[in-house]
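Reader: Please walk me through this structure. I would like to know what stands behind each label.

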Amino acid sequence: MKMDPRDRGLPPARKRLGQHFLTDTRTLDRIADVLEIRKTDTVIEIGPGRGALTDRLAARAGRLITIEIDKLLIPVLRARYATQPHVSVIESDVLDLALGDVAGGPYLLAGNVPYYITTPIIFHAMTRPRPERAVFLVQREVAERAVAPPGSREYGALSVNLQALATVTPKGIVKPTAFHPPPSVDSSILHLVPRADPVISMDEEAAFRKLVIASFGLRRKQLRRVVRTVRGLSAEQADAALEMAGIDPEARPETLSAAQFAALLRSLPAIVADET
Ligand code: SAM
């Protein structure tokens, strides 16, 4: 087979690592624009790949830290940025690094993220200390779920858990032809700003996620049944908790906002404690 000139002198794209390299200049510029980088900013890029987005970020940021898992791409990237001392290349799985510690201060986050771990990466990025803002290129379907409002078909655990922590805005669809090799689905640019007033506190995050995931496992059931099932409560205890949270016991999980899930979480231990 004839080699694509874009691959010349480079390690082959590894599907296993979600390597679909962006080649469309308008999309690359758009992602960098959406992040609104100032010359004093520290930017972390997840998965720089062959450096197409990295070039744009490096031109705008005061400091750019890139994190790439593919050891074959590390020498390529180090050579490409050898003359730009404000750019560093870390070889690592991004999920193994505390991004706030890597930045050592306020930072922005960018990534055309590998689709096989999009959701873990987004939630990893939302652990404290959080970026000031982030831009990700993700599958269109993930973006639709991330921004879905209560009651819509796409609304689910991802929507609630993310909207509890961040304001999420879609910034445009990207077609497969913008990549080499092309993925099989459309992508979407997603802008995230961690909320200054998160719906849940740091201590509540794990229990909140558990409650939300368990509730959406029963998304068609009424909340009275959901609360009874996920917390092993009696019908009376479930009703009391829902009343305390100001939630109709006959409503369904798919209609509750992140704030309502938080209110429900807070009413549950109180009810159990009152009974014991
Ligand atoms: N940013 C480049 C671009 O836009 O052309 C590459 C994007 S490609 C979709 C995803 C990149 O993330 C690849 O370079 C891949 O090797 C890297 N990657 C995959 N899994 C990773 C992980 N767990 N940690 C860090 N980088 C990862």
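Predicted model: local features only at pLDDT ≥ 70, side-chain atom pairs only at ≥ 80, totals over all residues.

Author: Residues are numbered from 1 along each chain as its sequence is written, and side-chain values use heavy atoms, with hydrogens and water left out.

Reader: Why is Thr42 called buried?

Author: Buried means under 20% relative accessible area, exposed over 50%, partly exposed in between (1.4 Å probe, protein chains only). Thr42 has a relative accessible area of 12%, so Thr42 is buried. Its place is in strand β2, residues 42–46. Strands are DSSP runs of E with at least two residues, helices are runs of H or I with at least four, and both are numbered from the N terminus.

Reader: What makes the pair Thr42 and Arg63 a polar contact?

Author: A polar contact is a pair of N or O atoms within 3.5 Å; within protein, one must be able to donate a hydrogen and the other to accept it, and residues adjacent in sequence count only if both atoms are side-chain atoms. The side chains of Thr42 and Arg63 are joined by such a contact, at 3.3 Å.

Reader: Why does Arg56 count as buried?

Author: Its relative accessibility is 19%, so Arg56 counts as buried. Arg56 belongs to helix α2, residues 52–60. Its side chain has a polar contact of 3.0 Å with that of Asp29.

Reader: Which polar side-chain atom lies 2.6 Å from an oxygen atom of the ligand?

Author: One of Glu68. Gln19 also places a polar side-chain atom 2.9 Å from a ligand oxygen.

Reader: How do the residues of the shell around the ligand divide?

Author: Ten are nonpolar, seven polar and four charged. Ala, Val, Leu, Ile, Met, Phe, Trp, Tyr, Cys and Pro count as nonpolar, Asp, Glu, Lys and Arg as charged, and the others, Gly among them, as polar.

Reader: How many helices and strands does the protein chain have?

Author: Eleven helices and nine strands. Buried residues make up 50% of its 276 residues.
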